[in-house]
Every structure is written in structure tokens, then in C-alpha cells.
Amino acid sequence: MFSKGTKLYSVLHRKCPHCHEGEFMVTRNPYDLTLTGDLLPGCSVCHRKYQPEPGFYYGGMYVTYALSVGLCIAIFIATLVLAPDISAVDQILWILGALVVLAPPIYAWSKIMWANMFISYKGVAHLPDEDAKWVMR
Ligand SMILES: [Zn+2]
């Protein structure tokens, strides 16, 4: 389930959705706020590009929304279970705090999840011509 070749592997390790070996993001640290969410132009291993068309990653906002709502529901349930006497204001503060703290990794994960929805694993197949770098296949 978590082995190479599955979409979950690519998402969890933030690796190239084509070959699952090259890096996908500019930085592996989502809290490096100047580079959070920045993608490399293509894979350094298989040389396929990450952006099939301009504006492709705008769709990642739907994934961000889904992850954020899921986080809000999880924090809401966790506060009800772990602290049944908690006030509504404290619950909201916990939810907002979690959203602020986890916003950078959610943003980074949303892009790799969106890419994996449309890009399938193809394995590493090096292009014979170095001039043909960053092609979409
Ligand atoms: Zn690759």
C-alpha cells in the first residue's frame, strides 16, 4: 500500500508522480515559508515536467479545502472526546490554531495530491536526448 508505484508513496514522500524517485517540491521543509508550495519545473530523474498546462495547480485549492475541512472536523471531534467540557470559543481557537500551524504542509500536500490525481506512475525511463528535457509524456 505504501510501496513505490502507489500514489500514496508519491504523496507521503512528495516524490515525482511520474517515477516516484525525483523531488517534486523545491524544498522538503514545508515551513520554509518563502518556498512553500514551489514546484521544480520537472523531475531530475525522469526529466518529465510537472505542469501539464498553465494554471494546472489552481485545482489544488479544492484539495486544500477538503484537507482543511477534514482537519477542522478531526479537531472538533478530538476536542469533544478529549475535553468534553470545553467551551465553543476554545474549540474554535483550537481549530484556528491547527489550521494556521498546519497550513504550510496542507498547501504542499495539496499540490502533490492534485498532481497524483492526473499523473500516473510510469517508472523511470530516461530520455535519450538531453535536449528533450522537461517534456510531458
Ligand atoms: Zn520523475
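**Lys111 and the charged pairs**

Guide: Leaving aside neighbours within four places in sequence, Lys111 is in contact (heavy atoms within 4.5 Å) with Phe24, Gly37, Leu39 and Tyr57. This is a predicted model, in which local features need pLDDT of at least 70 and side-chain atom pairs count only at pLDDT 80 or more, while totals for chains, interfaces and linings use all residues. Residues are numbered from 1 along each chain as its sequence is written, and side-chain values use heavy atoms, with hydrogens and water left out.

Visitor: In which helix does Lys111 lie?

Guide: Helices are DSSP runs of H or I with at least four residues, strands are runs of E with at least two, and both are numbered from the N terminus. The protein has three helices and zero strands. Lys111 belongs to residues 88-118, which form helix 3.

Visitor: Which side chain of opposite charge is nearest to Lys111?

Guide: Lys and Arg count as positive and Asp and Glu as negative, whereas His and the chain ends are not counted. A salt bridge requires a side-chain nitrogen of Lys or Arg within 4 Å of a carboxyl oxygen of Asp or Glu. Lys111 is buried (under 20% relative accessible area; exposed is over 50% and partly exposed in between, with a 1.4 Å probe and protein chains only) and has no salt bridge. At 5.7 Å, the nearest side chain of opposite charge is Asp38.

Visitor: Why does the pair of Glu21 and Lys4 tie together parts that are apart in sequence?

Guide: Lys4 lies in the segment before helix 1 (7-13) and Glu21 in the loop between helix 1 and helix 2 (60-82), so the parts tied together are apart in sequence by 17 residues.

Visitor: Which residues are linked with Glu23 in a network of salt bridges?

Guide: Glu23 meets Lys15 at 2.7 Å, N to O, and its closest N and O atoms with Arg28 are 2.8 Å apart. Lys15 counts as buried at 16% relative accessibility, whereas Arg28, at 43%, counts as partly exposed. The residues linked with Glu23 in the network are Lys15 and Arg28.
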